[in-house]
Amino acid sequence: MDMPRGYPDAMSAASVFPALEALLPRIQKPIQYVGGEVNAVVGDWDAAEVRWALMYPDAYEVGAPNQGVQILYEVLNEQPGVLCERTYAVWPDLEALMREHAVPQFTVDAHRPVGAFDLFGISFSTELGYTNMLTALDLAGIGILAVERGESDPIVVAGGHAAFNPEPIADFIDAAVLGDGEEAVLRLTDIVRDWKREGRPGGRAGLLQLIAASGVAYVPSLYDVEYLEDGRIRRVVPRQSGIPWRVAKHTLMDLDEWPYPKAPLVPLAETVHERMSVEIFRGCTRGCRFCQAGMITRPVRERSKAGIAAMVANGLQATGYEEVGLLSLSSADHSEIAEVTTYLADCYEGSQTSLSLPSTRVDAFNIDLANELSRNGRRSGLTFAPEGGSERMRRVINKQVTEEDLIRTVATAYAAGWRQVKLYFMCGLPTETDEDVLQIARMAAEVIRVGREVSGRRDIRCTVSIGGFVPKPHTPFQWAAQLDHETTDARLAKLRDAIRSNREYGKSIGFRYHDGKPGTIEGLLSRGDRRVGRVILQAWRDGARFDGWSEHFDFDRWSMAVHTALADEPVDLDWYTTRERDHAEVLPWDHLDSGLDREWLWEDWQDSVGEHGVEDCRWTPCFDCGVCDQLGTSIQVGPTDLGLPDVGHPEVRVGSPG
Amino acid sequence: MRLRYAKRGRLRFASHRDFQRALERALRRADVPMAYSAGFSPHPKISYANAAPTGTASEAEFFEIGLAQMCDPDDVRLRLDAALPPGLDIVDVVIARTSDFAERLQASRWRIELPGLTPAEAEVAVAALLAAEEVIVERMTKNGLRTFDVRGALCAARVMPTADGGAACAILTVVLRQATPAVRPDDVLAALRSVAPSPVLTGWHTPPPLVTREMQGPLAETGSADGFALGDPLAADREADQT
């Protein structure tokens with residue numbers, strides 16, 4: 001069905017709610033589409049000069065709690081003359097009705113058509129959200145392909161971790177923002193505002209040139225990709241002068257100046273995270289080689305202990321939530337975490353408020369923190385992430401945990417009254433063999449043996465959770481071969497059998513795994529180039545939606561789409577996934593600058609294969625990953641000067657940007 | 001304390017569980033001093049009565065809360081209403097002074113707007129329903145397929161006069177007795193379809209009916225048009241408070 005193209009200003013920005021309302025009684029969980037969350041903002045459309053629609057491309061229950069979208073939503077809505085509303089992926093039941101009744105993709109705040117906004121920002125935590133973006137563009141009546149868009153269509157901007165290689169979606173987006181979004185969205189807003197005030201010089205193309213030339217965002221349409229005969233990339237070249245050869249990521253440097261979200265959204269519908277989150281630091285320098293998040297968010301920037309205390313107190317007051325999660329990539333690594341947890345535990349002792357530290361660090365210190373946060377509460381489960389099954393694998397991935405550390409740590413946990421320990425692993429890591437993965441079964445049995453001994457109980461449990469490893473751009477494993485899904489599944493089956501066949505301990509060990517097929521497609525989308533865009537479009541046309549949900553993901557559909565869309569190319573699914581790249585190959589994201597020095601990444605990849613570790617630069621000298629030098633940033637860790645307020649009277653201190 | 005709230009507009013799509021979460025959070029934001037249950041994971045003391053189905057608006061939903069200290073009902077009403085999202089509105093608060101509150105919720109008056117149906121068509125169907133001795137409908141519930149006698153639970157039903165002749169939208173008012181399992185407004189619509197089949201009532205393409213619970217309370221026989229009237233279930237508490 002054809003949607004009307006290009007909404008002229010104001011008039012057609014009217015709410016589509018009357019039309020939507022008639023459809024809501026006919027679908028599942030209608031509450032997710034009505035908005036009205038506590039702390040939601042409905043701005044004055046006519047008074048706004050720049051209007052953003054932000055999307056998290058998954059179902060509302062997953063998207064609404066997303067911190068990135070909540071932060072940008074608030075940052076933008078605080079700006080005078082700027083309006084920001086949110087939209088999420090609609091489930092297929094509503095999508096069908098929206099097509100039947102010509103209801104366009106809408107925002108949940110004021111139910112305005114997404115096509116009426118100036119900018120449409122989409123935050124990709126995972127590549128499996130790409131097809132949901134296409135659904136939204138199509139329902140919005142915005143051209144799916146960037147080249148099809150008209151003058152009044154929004155500028156489509158991708159962000160989030162997946163935007164560090166936006167090449168597979170290069171045909172669908174107008175721009176991509178790399179790194180922290182707070183300042184980037186404000187700079188984009190300024191560019192769009194000025195352009196509108198000046199009478200839109202050069203039209204849409206003129207605006208995209210301004211954005212590209214500013215370096216704020218990468219505009220794929222202004223770059224040509226040239227290929228070699230064998231299918232590899234020859235080079236990526238700007239199409240005009242004034243367009244930068246490389247586009248760098250954004251790095252926010254003082255988290256205390258950006259205490260967002262100040263008033264987190266409280267959805268009416270049930271979501272995957274029924275709690276408030278406070279980000280206690282950004283970045284991680286542990287150097288786990290598989291971890292894209294750790295590599296692309298460097299350097300470490302901590303929020304001060306006083307800043308954390310204020311955000312917890314203000315956020316609880318604004319939301320009424322009963323639980324606060326202290327978020328980061330490895331929360332126990334905050335330099336003042338002990339002080340913070342003791343302080344918060346004192347503040348909320350005897351109240352109904354509970355605190356959680358979703359950290360997976362494997363050491364006794366982590367248990368101390370967990371004990372502190374569960375002073376009065378139930379000690380149910382703790383999660384650790386050794387990631388690699390054998391000592392050798394952990395050296396390869398630079399996860400510096402010995403088996404002795406792990407056993408000592410879980411023994412401490414069981415002895416302190418914790419009943420259940422969850423262990424996270426990956427399968428298919430570089431150089432891995434069956435034997436490496438089977439070590440997990442032995443380790444889990446040892447965990448139970450020691451656990452029974454120290455706790456004196458037989459009802460303790462350990463759950464092994466394992467999924468296939470997907471090599472990601474901007475990591476030392478960006479050159480690695482991904483393990484094919486058949487071998488992954490066979491290896492996981494052997495591990496399952498090894499665990500189950502243990503008569504003494506097997507019954508106390510749970511086993512949860514993700515099969516390898518979705519990982520193969522995620523691998524294609526992660527390390528793909530522009531040609532993969534055709535695959536995404538084909539799969540979407542064939543019905544691909546919600547690919548992150550096992551009940552919607554269909555490997556055969558994707559596999560067929562690869563065949564169809566790449567029939568005339570010298571590349572295929574294996575070429576993108578199970579093929580190891582060499583040093584000389586131009587990678588699709590080489591012109592996008594995460595701050596990491598390519599040579600450093602290569603050396604780290606070689607060290608990995610040689611099973612050599614690298615320390616954390618927070619407590620050892622710099623080893624020249626390149627980030628701080630190239631981006632003019634530095635590590636920001638405590639101790640901080642500003643003390644914690646008195647327990648019971650948390651002082652409310654709120655910073656503001658600039 | 002006993003509280004009456006309304007579920008209006010787009011928030012009628014909130015399920016009862018959605019309301020429960022929203023209420024517990026609003027109570028915390030509003031600093032209402034709640035009493036908590038004893039035990040390992042204490043819960044605030046709240047009990048709910050006869051929640052209207054998801055998608056149904058209501059002017060008369062009720063719940064009770066246990067407080068850790070005495071509070072002024074008006075103050076609680078204002079603070080809690082301000083803390084709840086617009087559309088979930090606290091409309092009345094009394095101090096619980098009587099014990100038979102649940103028994104006073106004897107019946108509900110529902111307003112059912114049927115876009116696409118003329119009042120004349122509705123009249124025919126309503127007359128047929130009232131004339132029947134018994135009208136059995138089936139509905140899938142959590143416990144499987146159940147049957148309900150709609151006529152048995154129905155105290156009154158009539159088509160409301162509309163100002164402009166209401167060519168496009170008939171408005172029904174029905175009074176249903178509370179029972180277990182409860183007969184709901186959608187059961188009444190199913191019953192109307194079964195006694196007076198009409199292409200408009202059976203068709204899937206009509207705009208969905210807008211259903212609102214107008215009142216819920218003690219049932220009294222009167223000389224009014226319906227022969228029945230619903231009282232305010234909070235009146236007894238209010239009176240006890242004043243004496």
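Before you click, residues are numbered from 1 along each chain as its sequence is written, while chains are lettered from A and ligands numbered from 1 in the order in which they are written. Because the model is predicted, local features need pLDDT of at least 70 and side-chain atom pairs count only at pLDDT 80 or more, whereas totals for chains, interfaces and linings use all residues; side-chain values use heavy atoms, without hydrogens and water.

**Stop 1: the sheet in chain A**

Select β14, β15, β16 and β17 of chain A: these four strands form an open, parallel sheet in that order. (Strands are DSSP E runs of at least two residues, helices H or I runs of at least four, both numbered from the N terminus; two strands pair if DSSP finds at least two bridges between them.) β14 (381-387) and β17 (509-513) of chain A each have a single partner strand, so one side of each is left without a neighbour in the sheet. Now zoom in on β15 (420-427) and β16 (461-468) of chain A, which are joined by eight bridges.

**Stop 2**

Within α15 (485-500) of chain A, pick Arg491(A). Is Arg491(A) buried or exposed? Arg491(A) is buried, with a relative accessible area of 9%, where buried means under 20%, exposed over 50% and partly exposed in between (1.4 Å probe, protein chains only). Its contacts, not counting residues up to four places away in sequence, include Cys427(A), Glu432(A) and Asp434(A).

**Stop 3: a hairpin in chain B**

Switch to β6 (136-141) and β7 (144-149) of chain B, an antiparallel pair with six bridges. Two residues link β6(B) to β7(B) in a hairpin, and Met140(B) has Leu145(B) as its bridge partner in β7(B).

**Stop 4: where the chains meet**

Finally, show both chains: 31 residues of chain A and 22 residues of chain B take part in the contact. About 2,300 Å² is buried between chain A and chain B, with carbon and sulfur atoms giving 56%; this is the accessible area (1.4 Å probe) that two parts lose on being put together, summed over both. On the chain A side, Arg26(A), Leu268(A) and Gln352(A) lose the most area to chain B. There are six salt bridges between chain A and chain B, each a side-chain nitrogen of Lys or Arg within 4 Å of a carboxyl oxygen of Asp or Glu. One to display is Glu270(A) with Arg21(B), whose closest N and O atoms are 3.7 Å apart.

Terms used: Contact means heavy atoms within 4.5 Å.
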